[in-house]
Amino acid sequence: MKRILRLYPSAWRRRYGDELSDLLEELPATPATTVDLLRGAARLHMRAFFDRVAPRLAPAGGPPMPTHPLQRHPTASALVAVLIAAPTAVFVSLSFLAYQLELPGMQAWLQPFMDGLQQAPRIVDLFLLAAPFLAFLLATLPLIGLRMERVDGELRVTLALRARTLNLIVLAVCVVVGGFLASHVLAEFLFEQP
Amino acid sequence: MADRSPSSDPGLLLLISLAGGPKHGHAMLLDVAAFAGVRLGPGTLYGALTRLEEDGLVEALPLEGRRRPYRLTDAGLAALRGRLSGLNAAISIGLARVGSR
């Protein structure tokens, strides 16, 4: 049962670990005790988490705090966008090298992947198509601040844009990849229809 | 409906226990079981004790062998008095209303 103590936050263990460990020697090891210890560990981790996060969420003067979570975490949003768009970006880049620039050997190397994609479930296609647009939104939304307020009886809408290098790079990549993909799909639709 | 009775508040039970004098963890568990009929688990006990100590309502005493006793602080005594007065008022009103039916 003492092994469960390893699940407690380390700072907490340094202060109370020995006491709780001694107490456990005096108590019968029952499922209820085990569950109670696990619940205690979870609660302490939650408290430690909120103690870390709460000061960052509390405004400490200065300009008004951005309102939605994406604005509070622009870098995290950009990184998630990178993860989402990465498979499509790799696929589009390789396709461009193989079929547009016709690099020697690339088409033969890429063919098994293309065959696999042909046989993959439709959802894979849809994800590859939608990913750049979803990633674009994720990278862009943190840069846009829209504020609506009523001043002297009239509605005032303020649009604020901010520039963050990582987000701008990601959205530029999304535009290129998404544009390439869209033009490719459009060309297929226009010229390969019976 | 969630149980909001004093017996579901480990912090209050520990304050009541320590109002009877300093105790270590196991003694608190036994005391709470005796006066409230509630068997607190060790995780619940130390979770509540951590909070009470952080809030300055209880304080740790020097180790006695391998056990560390805790005692109520003045702030803890005042907080307990306030909680019990509030509960007492609610209980009095509740009993009066039940009695009048």
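Visitor: Which parts of chain B have the lowest and the highest confidence?

Guide: Where pLDDT is low, the predicted coordinates should not be read in detail. This is a predicted model, and in chain B the confidence is lowest in helix α4(B), residues 74–99, with a mean of 92, while strand β2(B), residues 70–72, has the highest value, at 97. Taken over its residues, chain B has a mean pLDDT of 90, with 93% of them reaching 70 or more. For the complex, the predictor gives an ipTM of 0.85 and a pTM of 0.53.

Visitor: What pattern does chain B follow along the sequence?

Guide: Chain B reads α-α-α-β-β-α, which comes to four helices and two strands. Of the 101 residues in chain B, 29% are buried, and among its contacts between residues at least 6 apart in sequence, 48% join residues at least 24 apart.

Visitor: How should I read the packing of α1(B) and α4(B)?

Guide: Two packed helices are described by the angle between their axes and by the distance between those axes. Helix α1(B), residues 10–19, packs with α4(B) at an angle of about 115°, the axes being 10 Å apart, and the crossing is left-handed. On the α1(B) side, L12(B), L15(B), I16(B) and A19(B) take part, and they meet G76(B), A79(B), L80(B) and R83(B) in α4(B). By class, the residues of this contact are six nonpolar, one polar and one charged.

Visitor: Why is α1(B) described as largely enclosed by the rest of the structure?

Guide: A residue counts as buried if 20 or more other C-beta atoms lie within 10 Å of its own. Seven of the ten residues of α1(B) are buried, and the helix is therefore largely enclosed by the rest of the structure. Those buried residues are P10(B), L12(B), L13(B), L14(B), L15(B), S17(B) and L18(B), and they pack against α2, α3, β1, β2 and α4 of chain B. Just after α1(B) comes G21(B), which takes a positive phi of about 130°.

Visitor: Which residues touch the most other members of the largest nonpolar core?

Guide: That core has 28 residues, and L14(B), L45(B), L49(B) and V58(B) touch the most other members. At least two residues each are supplied to this core by α1 and α2 of chain A and by α1, α2, α3 and β2 of chain B. Leaving aside neighbours within four places in sequence, L45(B) is in contact with P10(B), G25(B), M28(B), L29(B) and L40(B). There is also a second, separate core of 16 residues, which includes A85(A), A131(A), F136(A) and C174(A).

Visitor: How many residues of each chain are in contact with the other?

Guide: The contact involves 18 residues of chain A and twelve residues of chain B. On the side of chain A that touches chain B, α1(A) and α2(A) each supply at least two residues, and α2(A) gives the most, with nine. By class, this side of chain A has ten nonpolar, two polar and six charged residues.

Methods:
Residues are numbered from 1 along each chain as its sequence is written. Chains are lettered from A and ligands numbered from 1 in the order in which they are written. This is a predicted model: local features need pLDDT of at least 70, side-chain atom pairs count only at pLDDT 80 or more; totals for chains, interfaces and linings use all residues. Two residues are in contact if their C-beta atoms, placed from the backbone, lie within 7 Å. Ala, Val, Leu, Ile, Met, Phe, Trp, Tyr, Cys and Pro count as nonpolar, Asp, Glu, Lys and Arg as charged, and the others, Gly among them, as polar. pLDDT is the predictor's confidence in each residue, from 0 to 100. Axes are lines fitted to C-alpha atoms, for helices over the stretch in contact, and angles run from 0 to 180 degrees between N-to-C directions. A crossing is left-handed if the near helix is turned anticlockwise from the far one by less than a right angle, and right-handed if clockwise. A residue is buried if 20 or more other C-beta atoms lie within 10 Å of its own, exposed if 12 or fewer, and partly exposed in between; C-beta atoms are placed from the backbone. A nonpolar core is a set of buried Ala, Val, Leu, Ile, Met, Phe, Trp, Tyr and Cys residues joined through C-beta atoms within 7 Å.
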